[in-house]
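Q: Hi, could you walk me through this structure step by step?

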Amino acid sequence: MKYKDYYAILGVARDASADVVKAAYRKLAQKFHPDVTKDPKGEEKFKEIAEAYQTLKDPEKRAAYDNLGSGFRAGQDFRPPPDWEQQFRGDGRAASFDDLDLSDLFASIQGAGHARSRSRANMPIPGADFEVAVHLTLEEAHSGTQVDLNLSMPEVDGEGRLRHVPKAIKARIPKGATDGQRLRLRGQGGPGANGGRAGDLYLNIALHPHPFFRPSGHDLYLDLPLAPWEAVLGATIEVPTLSGKVSLTVPPGTPSGRKLRFAGKGLARPGGGEGDLYAIVQIVNPTVTDERERELFRQLAQASRFDPRGHFAGGTPDGG
């Protein structure tokens, strides 16, 4: 039989309290959950973690494990002490440990007749919390939506074996969800044991990139291209928002980089109201010009006294 260091698997000391053991298990179970981990050995680690916790969470099994001794290396062949089986199994079963896995050995301890320990083992144990990424468009985050989640959740059955169970969940996402937000679905995580409450499922919100808008919290940012003559002469243009186009009057002499604010045109806020939309002016030259347009630019160049590099010679930034 191969030795497994259950304490090392959970990353706790041998004298760790039951609360510390449980906290370590829940943290590692979330980290190596097969639906969220990117570790290629994540599922294997998850099984090791579940096996270790199944033994260490049970006072009777933990006592039996501790009495195996602590001088073994993980993976080392070993046999329990001579009186170990009589003390902790006490059912007269054969003492052969050949080809026996450590988890099978501790599964056989269940119901061995230690009433006090069995009573403790029957204490309610809460289920594990899980996390899943939910991707939304800006429009879905703005108006709220419902997502259908088809998950494969790990469960430990009554024999201590890990299995995956399909679970379909319809989750309502309230309006105003933002990138990186964590929403909690109470009781939708792993099942509890011995009447313990079910764990929770956490939805990690991730927003898809939008072709126009960049979110920052509940505010939105938009690059607003203007033709040179629109920036110089002023213009009335249409600007897209999440709720449709709005009219904007560009004042004459608008410089590139100016930030124009549209109050209440950002993402909806959970408590009511909306963030703001900021349009960042970008002056864009025409990419295709005909001869007449080039002639007009030549005339402008001859008539204008504007020097965008005048400040290099000690002038002002606007060339005046």
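Predicted model: local features only at pLDDT ≥ 70, side-chain atom pairs only at ≥ 80, totals over all residues.

Q: OK, and in what order do the strands of the open sheet come?
A: The order is S6-S7-S11-S10, so to speak from one side to the other, and the pairing among these 4 strands is mixed. The edge strands are S6, covering 213-216, and S10, covering 259-262, and each of them pairs on one side only. On average, neighbouring strands in this sheet are turned by 30 degrees against each other, if direction is ignored.

Q: How do S10 and S11 run, and how many bridges join them?
A: They run antiparallel, and 4 bridges join S10 to S11, which spans residues 277-283. In one of these pairings, Phe262 has Leu277 in S11 as its bridge partner.

Q: What about Asp276, is it buried or exposed?
A: Asp276, which is found in the loop between S10 and S11, counts as buried because its relative accessibility is 13%, and the cut-off for buried is under 20%.

Q: Which polar contacts does its side chain make?
A: The side chain of Asp276 forms a polar contact of 3.0 Å with the side chain of Arg261, and it also reaches the backbone nitrogen of Gly264 at 2.9 Å. Leaving aside neighbours within four places in sequence, the residues in contact with Asp276 include His218, Asp219, Leu220 and Lys265.

Q: Switching topic: how many aromatic pairs are there?
A: A search of the whole structure finds 6 aromatic pairs. One of them is Tyr25 with Tyr53, which is stacked, at 4.0 Å centre to centre and with 5 degrees between the planes. Tyr25 sits in helix H2 and Tyr53 in helix H3, 28 residues apart, and both residues are buried.

Q: And how are Tyr221 and Tyr278 arranged?
A: Tyr221 and Tyr278 are also stacked, at 5.3 Å centre to centre and 20 degrees between the planes. Tyr221 lies in strand S7 and Tyr278 in strand S11, so the pair ties together parts that are 57 residues apart in sequence. Tyr278 is buried at 15% relative accessible area, whereas Tyr221 counts as partly exposed at 22%.

Notes. Residues numbered from 1 in each chain as written. Heavy atoms only, no water. Pairing = 2+ DSSP bridges. Helix = DSSP H or I, 4+ residues; strand = E, 2+ residues; numbered from the N terminus. Axes fitted to C-alpha atoms, helices over the stretch in contact; angles between N-to-C directions. Buried < 20%, exposed > 50% of the residue type's maximum accessible area, 1.4 Å probe, protein only. Polar contact = N/O pair within 3.5 Å; in protein donor to acceptor, adjacent residues only side chain to side chain. Contact = heavy atoms within 4.5 Å. Phe/Tyr/Trp six-rings, centres within 6.5 Å; stacked < 30°, edge-to-face > 60°.
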